[in-house]
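Thank you all for coming; please have the sequence and the model open while I talk.

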Amino acid sequence: MARFAALAVCAAALLLAVAAGGAAAQGVGSVITRSVYASMLPNRDNSLCPARGFYTYDAFIAAANTFPGFGTTGSADEIKRDLAAFFGQTSHETTGGTRGAADQFQWGYCFKEEISKATSPPYYGRGPIQLTGRSNYDLAGRAIGKDLVSNPDLVSTDAVVSFRTAMWFWMTAQGNKPSCHNVALRRWTPTAADTAAGRVPGYGVITNIINGGLECGMGRNDANVDRIGYYTRYCGMLGTATGGNLDCYTQRNFAS
């Protein structure tokens, strides 16, 4: 009888674990459905895009399932804003769009590798977030259980790995920088140093986290405009407000 009870408890625990995993998957999949994903990224499989056929919806969902907090944290509005910000930033990083064109913000996920491959070879930009540098490949690989230092090409040949590196970066604080995830959810409180540097809560700080050294503190620039354009489009599609402080034009970067 005791053995039966123990088995029943184990079975119940297993069912709860499966249900929790299913809930996490549903959390992302209920917002970014297959049709929404296709509408957000209508040109990802365009014949002009080097990444055509790579960034599949199934790979996105499989990767998201390995980060339970991704796309499942907070209120319905917070989740939408977090996902809009994630896709806004990664769409800019992989864009094939022409600046100023009517469809500029419909060309996300066109590239899976840095075009010139000149930044930190062989650890040049790859994947949705354009993971760059040996240190990032090492840290991301350790986090997801893959040796990306020895095999960095996994990030551009295995779509699930590729998405997982982007989600790792999104969810993880980088040095003196907060995580993009917490900023998107408005759960980041600036330090005195942040305030002095003009870093205020909003989408602009996420740009600063990702590429502040090249895009922030230098006034209006095309890269910021592109990131904001994608984010604004996705917020509209998902039915959430963008919030304020969308650019980092006057922010000093985190390394300064």
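What you see is a predicted model, in which local features need pLDDT of at least 70 and side-chain atom pairs count only at pLDDT 80 or more, while totals for chains, interfaces and linings use all residues. Residues are numbered from 1 along each chain as its sequence is written, and side-chain values use heavy atoms, with hydrogens and water left out.

The protein chain contains eleven helices and zero strands, where helices (H or I, at least four residues) and strands (E, at least two) are DSSP runs numbered from the N terminus. Of its 256 residues, 48% are buried, meaning under 20% relative accessible area with a 1.4 Å probe, protein chains only. Among contacts (heavy atoms within 4.5 Å) with a separation of 6 or more, 65% join residues 24 or more positions apart.

Residues 49-71 are 35% helix and 0% strand, with end C-alpha atoms 27 Å apart, whereas residues 161-171 are 100% helix, with end C-alpha atoms 15 Å apart.

Finally, helix α11, residues 222-238, reaches 24 Å from its first C-alpha to its last, close to the 24 Å expected, that expectation being 1.5 Å times one less than its number of residues. Its buried residues include Tyr230, Tyr231, Tyr234 and Cys235, and just after α11, Gly239 takes a positive phi of about 80°.

Definitions and conventions. Buried < 20%, exposed > 50% of the residue type's maximum accessible area, 1.4 Å probe, protein only.
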